[in-house]
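Visitor: I am new to protein structures and would like to learn how to read one. Could you walk me through it, step by step?

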Amino acid sequence: MRTLSEWASKAALGDIPRPVERLTRSSAEALAFARRLGRPVVAKAGDVAHKSEFGAVRLGLDIDGLAAAWPELAALGDGTVLVAEEVKADLELMVGGLRDPQFGPVVSVGLGGVAAEVLKDVVFVLAPPEPGELDRALGELRGAALLDGRRGRPALDRAALVRIVDAVSRLLLDDESVVEVDCNPVLVTAGKPVVADALVVKK
Amino acid sequence: MRNVLEGGFDGRVLAVNPSREEVLGLRSVPCLQEDVDLALVSVPAPAVGNAVADAARAGCRAAIVLASGFGETGSAGAAAERELAATAREAGMRLVGPNCMGVVSRRGASWLNGSYFWQLPGAAGGVSMVSQSGAFGGMFFAEARRSGLGVARFLSVGNSADVTETDAIEWLAADPLTAVIGLFAEAFRDGRRFIDVVSACPKPVVVLKAGKEAAGARAAASHTGSLAGRHGAVRAAFRRAGVVEALTADEFFDLLTVLAAGRPAAALHGGLAVLTISGGPGVLASDAAERLGLVLPPPSEVTVRRLRELAPAFAATGNPIDLTPQCPPAAFGPAIAAVFEDPAFAGVIVINCGLDIPEFGAGVAAARQATGKPVTAFLLEVPQIEAALRETGIPLLPSPERAVAAYRALADVNRLKPR
């Protein structure tokens with residue numbers, strides 16, 4: 001079993017909604033990117049699995065912060081640093097996939113982020129999903145009402161979620177060597193989901 | 001052999017035994033040489049290979065190997081099992097088992113009991129059961145005898161060297177005696193085909209899946225993997241196939257009971273009435289209905305007025321509708337009819353604890369027949385009412401909550417298995 005880096009995992013997933021982000025190979029490249037963005041950024045060491053456990057993620061960096069963090073992060077991983085716009089989420093979801101020994105590829109959607117394993121609120125659909133199947137499954141979530149928007153927040157953009165689910169499904173169906181996929185967290189801001197982190201596990 | 005003979009099988013039975021001339025009064029032959037419909041192989045494991053080969057050579061259509069000592073014992077047993085399946089396949093014979101409890105099947109007014117269960121179901125009916133566990137088969141028959149559940153077929157698939165639970169369901173889907181199919185499963189050998197077969201089956205398929213949570217969760221590298229347990233994919237498969245899933249043995253038997261009594265003509269979109277003479281149990285039912293997402297609207301004004309005329313002043317005319325034990329016997333019929341006929345209600349839960357008044361039973365039976373609305377009931381120690389409701393085909397459940405859950409299953413089945 002080997003895990004692909006976040007960057008390679010996202011590349012394998014193809015066209016999915018994701019934050020504005022860039023894999024940087026030098027501090028100068030990172031700073032130029034962050035300046036153009038003009039907002040606080042997140043920086044993550046390239047090719048480190050379980051990044052948060054190894055201190056390989058830095059949040060809310062301004063230009064000076066990024067300049068200081070870049071060499072440290074580069075040294076933790078493979079010498080590259082992923083720099084991304086910082087997304088403030090109203091809701092954290094996770095989309096995943098795995099190969100079940102009895103029923104083949106399945107895709108999951110659940111309430112995600114750091115609370116995913118505490119909430120254990122996740123539903124599965126067979127890949128590829130049939131029309132209407134994902135919506136029915138989402139209705140089975142204990143926290144289904146969170147997807148419908150509340151307190152003035154817009155409802156989740158289901159079509160954008162479907163793009164992520166379809167990407168996971170396609171990857172499992174097209175590449176036999178893929179065993180598990182995690183898009184976690186999928187950050188939802190004003191109803192729009194983006195895949196903030198991804199992990200593809202291969203045989 | 002004794003089970004076959006005492007079960008009342010009305011076809012021809014042939015005894016095969018190399019070491020005796022007679023078995024239970026039947027002359028026996030040392031080796032099967034006739035192309036019988038079914039060979040029941042109940043011999044020690046080392047002798048099974050020859051017995052199956054004989055049956056295959058003789059041209060039997062099917063063999064059921066009840067003997068144990070195959071795949072469940074290790075790799076040598078698994079190899080022997082594969083050989084049995086190959087022998088059968090070459091001869092075009094189907095093979096059930098090994099390591100199973102056999103078959104029970106209605107045949108006209110009689111039973112074929114080709115199983116190790118010596119007590120047969122009490123009643124004939126439309127429920128057929130497929131089990132990967134022999135012991136759960138025993139629970140099924142005990143429950144059928146206790147509750148009067150009517151049975152059509154039972155097949156214990158054991159190690160499924162050839163015939164799998166999916167093959168059995170495919171056959172039952174086209175079986176004229178079978179109205180509802182129950183399956184106890186621990187694993188699915190041909191997962192995607194199981195989904196296709198159940199999807200195509202026009203009859204409700206109720207599944208109790210054991211082993212939902214992995215004892216030692218799989219060593220998963222991802223969050224998705226660690227959250228899946230063993231049941232994530234199973235739920236996905238059941239949703240797509242339209243399986244009616246039972247989470248407990250009690251629920252499994254309740255679902256078979258209620259679905260065997262027939263399914264509602266249309267989807268149940270309307271409200272539910274809880275009709276009772278017993279306050280507390282009626283409230284338990286309405287609590288359960290709310291938990292399950294069923295709507296309990298108040299009766300319409302016309303109904304309320306009618307109930308006020310008929311029932312005591314302290315009767316509750318909200319929902320639950322509590323006619324109270326003090327309701328005059330002659331008023332039960334018209335009061336019950338008024339509730340059933342109310343367009344606010346798509347169906348009714350009937351509850352009666354201990355007031356065995358014939359007018360109550362007759363009223364429910366008549367109203368049910370007149371309106372055709374689905375009903376489930378919880379009755380306690382009211383034999384006359386029980387008899388009247390059973391006669392009308394109203395499913396009786398062992399608690400108020402279970403009566404409501406069974407009703408909910410009725411409401412769901414047309415969504416899962418559209419006609």
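**Reading the model together**

Guide: Gladly! Keep in mind that this is a predicted model. We can begin with chain A, whose secondary structure comes to six helices and 11 strands.

Visitor: What share of the residues of chain A is buried?

Guide: Of its 203 residues, 45% count as buried. Among contacts in chain A with a separation of 6 or more, 62% join residues 24 or more positions apart.

Visitor: Which domains does chain A have?

Guide: The domain assignment gives domain 1 (20-85) and domain 2 (91-202) of chain A. Their centres, taken over C-alpha atoms, are separated by 26 Å.

Visitor: Which residues of H3(B) are buried, and where do they sit around the helix?

Guide: Here is the general idea first. An α-helix has 3.6 residues a turn, so residues three or four places apart point the same way. In H3(B), the buried residues are B:Glu81, B:Leu84 and B:Ala88. Seen down the axis of H3(B), they fall within an arc of 55°, so they line one face of the helix. The face turned away from that buried side carries the exposed residues B:Ser75, B:Ala76, B:Ala79 and B:Glu90.

Visitor: What do the buried residues of H3(B) pack against?

Guide: They pack against helix H2 (45-58), strand E5 (62-65) and strand E6 (94-96) of chain B. Just after H3(B), you will find B:Gly92 with a positive phi of about 70°.

Visitor: How is chain B divided into domains?

Guide: Its domain assignment gives domain 1 (2-96), domain 2 (102-260) and domain 3 (271-416). The C-alpha centres of domain 1 and domain 2 of chain B lie 25 Å apart. The contact between them takes 21 residues from domain 1 and 19 residues from domain 2 of chain B. On the domain 1 side, H3(B) gives the most, with five residues. That side of domain 1 of chain B divides into 12 nonpolar, four polar and five charged residues.

Visitor: How many residues of chain B are in contact with chain A?

Guide: 20 residues of chain B are in contact with 30 residues of chain A. On the chain B side, helix H6 (191-200), helix H7 (223-228) and helix H8 (232-241) each give two or more residues. The largest share of that side, seven residues, comes from H8(B). The residues of the chain B side divide into nine nonpolar, seven polar and four charged.

Visitor: Which residues of H6(B) are buried?

Guide: B:Phe194, B:Ile195, B:Val197 and B:Val198 are buried in H6(B). What covers them includes helix H5 (165-173), strand E12 (205-209) and H8 of chain B.

Note on methods. Residues numbered from 1 in each chain as written. Chains lettered and ligands numbered in written order. Predicted model: local features only at pLDDT ≥ 70, side-chain atom pairs only at ≥ 80, totals over all residues. Helix = DSSP H or I, 4+ residues; strand = E, 2+ residues; numbered from the N terminus. Buried ≥ 20, exposed ≤ 12 C-beta atoms within 10 Å, placed from the backbone. Contact = placed C-beta atoms within 7 Å. Arc of directions from axis to C-beta. Nonpolar A, V, L, I, M, F, W, Y, C, P; charged D, E, K, R; others polar. Domains from an automatic or database assignment.
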